[in-house]
Amino acid sequence: MDLLDTLTAKGLRGETPTREEALAVLATTDDELLDVVAAAGRVRRRWFGRRVKLNYLVNLKSGLCPEDCSYCSQRLGSKAEILKYTWLKPGEAAEAAKAGVSGGAKRVCLVASGRGPTDRDIDRVTDTVAAIKDADPAVEVCACLGLLSDNQAERLKAAGVDAYNHNLNTSEGTYGDIATTHTYADRVDTVQKAHGAGLSACSGLIAGMGESDEDLVDVVFALRELGSDSVPVNFLIPFEGTPLAKEWNLTPQRCLRILAMVRFVNPDTEVRIAGGREVHLRTMQPLGLHLANSIFLGDYLTSEGQAGQADLDMIRDAGFEVEGMGEGTLPRHRADVAAGAADATGGCGTAPAAGACGTGGGCGPCGGHAHGSADDGAVAAGADDEARTDLVRVRRRGAGTELAPNA
Ligand code: SF4
């Protein structure tokens, strides 16, 4: 297939495909799917080998957000029966983080619901980062706290935060359909603030909100242009009690095509399968590892994932290996330009990870739902999945509860 030969050759050189080529990946048929996965898998192995980076979410503050992101179970007016609690104490957060690191995670993602942090919130996160790094100085910390004001990114950097997550989620053209209390430009501004302060930028998308193929390609190219070091790909978890609860637009095959497209556009960037992996890829999850080089271990912010041990078993059974704490994530040429990677070292084309966070929380894959209705003509090809509400489970363990976390 000429398209795949072209995309593979470009990816192996670290080059970005054209927009038309990216759209063509999304338009491939089920008969072509394994060829698409194999081609994008070659690109993945070129830059990331068979390593899988594990990330662990700690939801520092859950629910009660004043913003109206329609995909989010923590949004204003959400009827989703999620856990709701205010800021965890630094020791509680560090304890939760420890469980993930013990399970194999090299990155801890500290997430808080809300429009953005106050300066007092930055103090709280500073104390939490200190507690986590006191216990394990090598662990990477990513913060995901919403829109940043001036100087807050610099304060987080000084506190020892390695990366900042803030997802663009969807295209600029449709952003107004998924949230009205802030703009796409606000989100871009925060990613730029984080990057400008020397934090590794982590920014991704949510698929399955009723967007078109063009919207998906738009946001993925925008993320490439923004210089995101890590691209979390969320698959909408249609939470009951949110505006998008009835939108089930994804099949496992569609998810794999999306991941392949994201990989081709970001050949040498960390691509992470984020929220919705279990709900939408289901038994096809192992094929996703041939495309993405990073996943979350265990549970998400407000929903449960599969058991952490099942994640580890899947990685091993599929012939991949968990990336070690001392191993670099990004290829060296990417790490050298990534924020905070000035001290990059190491052979084999890699360098100490600048890392990137990722799923949801304050602004990632909370497991909500989003975007225009299914009758607006924007529903993508392959959008005929049955509702699997049985796979959507509200998180009832770990941070904010008395029960042991899933890690
Ligand atoms: S995505 Fe973030 S800002 Fe939007 S409603 Fe959810 S927690 Fe609030």
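Biologist: Is Asp150 buried or exposed?
Modeller: Asp150 is exposed, with a relative accessible area of 59%, where exposed means over 50%, buried under 20% and partly exposed in between, computed with a 1.4 Å probe on protein chains only. This is a predicted model, in which local features need pLDDT of at least 70, side-chain atom pairs count only at pLDDT 80 or more, and totals for chains, interfaces and linings use all residues. Residues are numbered from 1 along each chain as its sequence is written, and side-chain values use heavy atoms, with hydrogens and water left out.

Biologist: Which residue does Asp150 form a salt bridge with?
Modeller: Its partner is Lys193, with the closest N and O atoms 3.6 Å apart; a salt bridge here is a side-chain nitrogen of Lys or Arg within 4 Å of a carboxyl oxygen of Asp or Glu. Asp150 sits in the loop between β3 (140–144) and α6 (152–158) while Lys193 belongs to helix α8 (residues 184–196), so the pair ties together parts 43 residues apart in sequence. Helices (H or I, at least four residues) and strands (E, at least two) are DSSP runs, numbered from the N terminus.

Biologist: And Lys193, how accessible is that one?
Modeller: Lys193 counts as partly exposed, at 21% relative accessibility.

Biologist: Switching topic, what about Asp229 and Arg334, buried or exposed?
Modeller: Both Asp229 and Arg334 are buried, and their side chains meet in a salt bridge at 3.4 Å, N to O.

Biologist: Which residues do shared partners join into one network?
Modeller: Lys53, Arg107, Glu140, Glu270 and Arg272 are joined that way by salt bridges.

Biologist: How many salt bridges does the rule give?
Modeller: The count comes to 29 salt bridges.
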